[in-house]
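Here are my notes on this one, as promised. Have the model open while you go through them.

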Amino acid sequence: MIIFLIGYMGSGKSHIGKRLAEKINQKFMDFDAEIEKMENASISEIFQKKGEIYFRKLERKILKELTDIDEDAVISLGGGTPCYGDNMELIKASKDATSFYLKLNIETLTERLETEKDHRPMISHLKEKDKLEEFIRKHLFERGFYYNQSDHVIDCNDESAATIISKIQEKLG
């Protein structure tokens with residue numbers, strides 16, 4: 001089975017994904033790390049040098065490859081991955097796969113991303129906290145349609161990683 005973790009940047013997809021994969025003895029794959037490995041460049045560098053359109057096309061190509069893998073894996077997707085082209089349809093149509101939206105409120109995401117924004121190309125230019133919150137609010141409004149198509153929505157507000165993993169395991173049966 002492939003388990004896709006979906007959610008906004010800073011929602012804990014990679015952190016939860018690694019721990020979940022260990023707990024259920026599956027391979028873990030960080031989607032952004034796979035892209036960086038393939039391009040031999042950071043996500044920031046790809047955005048800067050080749051632009052977002054190039055990145056989104058590359059993202060679609062790699063997503064297609066991952067939906068076709070024939071092994072069990074936990075895959076943490078990029079925050080925007082489900083929201084472009086037919087990516088969400090591709091995720092939903094994947095055989096023997098399930099998706100989880102790790103949902104956090106705007107306040108929690110703003111707090112988390114405030115300390116990480118220098119490493120994230122989409123928000124590194126947002127210097128004031130209120131601008132960051134406004135950006136997240138707008139993005140979540142746009143992306144919520146896609147995120148909420150996940151097979152399962154996990155409320156991650158005020159929850160420990162262990163609790164979130166338990167909630168996912170319950171849904172997996």
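This is a predicted model: local features need pLDDT of at least 70, side-chain atom pairs count only at pLDDT 80 or more; totals for chains, interfaces and linings use all residues.

1. Residues are numbered from 1 along each chain as its sequence is written, and side-chain values use heavy atoms, with hydrogens and water left out.

2. Start with the largest pocket, which has a volume of about 610 Å³. Of its 30 lining residues, Met9, Asp32, Gly78, Gly79 and Arg120 are the closest to the centre. A pocket here is an open set of points on a 1 Å grid over the protein atoms alone, where a 1.4 Å probe fits, with protein on both sides within 12 Å along at least five of seven lines; lining residues have an atom within 4 Å of a point. The volume is the space filled by probe spheres set on the points, which are joined across faces, edges and corners.

3. Helices are DSSP runs of H or I, at least four residues long, and strands are runs of E, at least two, numbered from the N terminus.

4. By class, the lining has 9 nonpolar, 12 polar and 9 charged residues. Mind that Gly counts as polar here, while Asp, Glu, Lys and Arg are the charged ones and Ala, Val, Leu, Ile, Met, Phe, Trp, Tyr, Cys and Pro the nonpolar ones.

5. The unreviewed UniProt entry annotates Asp32, Arg56, Gly79 and Arg143 as "binding site". The pocket lining includes Asp32, Arg56, Gly79 and Arg143. Such annotations may be inferred rather than shown by experiment.

6. Gly79 sits in the loop between strand 3 (73–76) and helix 4 (87–93). Gly79 counts as buried because its relative accessibility is 13%, and buried means under 20% (exposed is over 50%, partly exposed in between; 1.4 Å probe, protein chains only). Leaving aside neighbours within four places in sequence, Gly79 contacts Gly7, Met9, Lys13, Arg143 and Tyr147, a contact being heavy atoms within 4.5 Å.

7. Arg143 belongs to helix 6 (residues 129–147) and is buried too, at 7%. Not counting residues up to four places away in sequence, its contacts include Arg56 and Gly79.

8. Ser14 lies in helix 1 and is partly exposed, at 26%.
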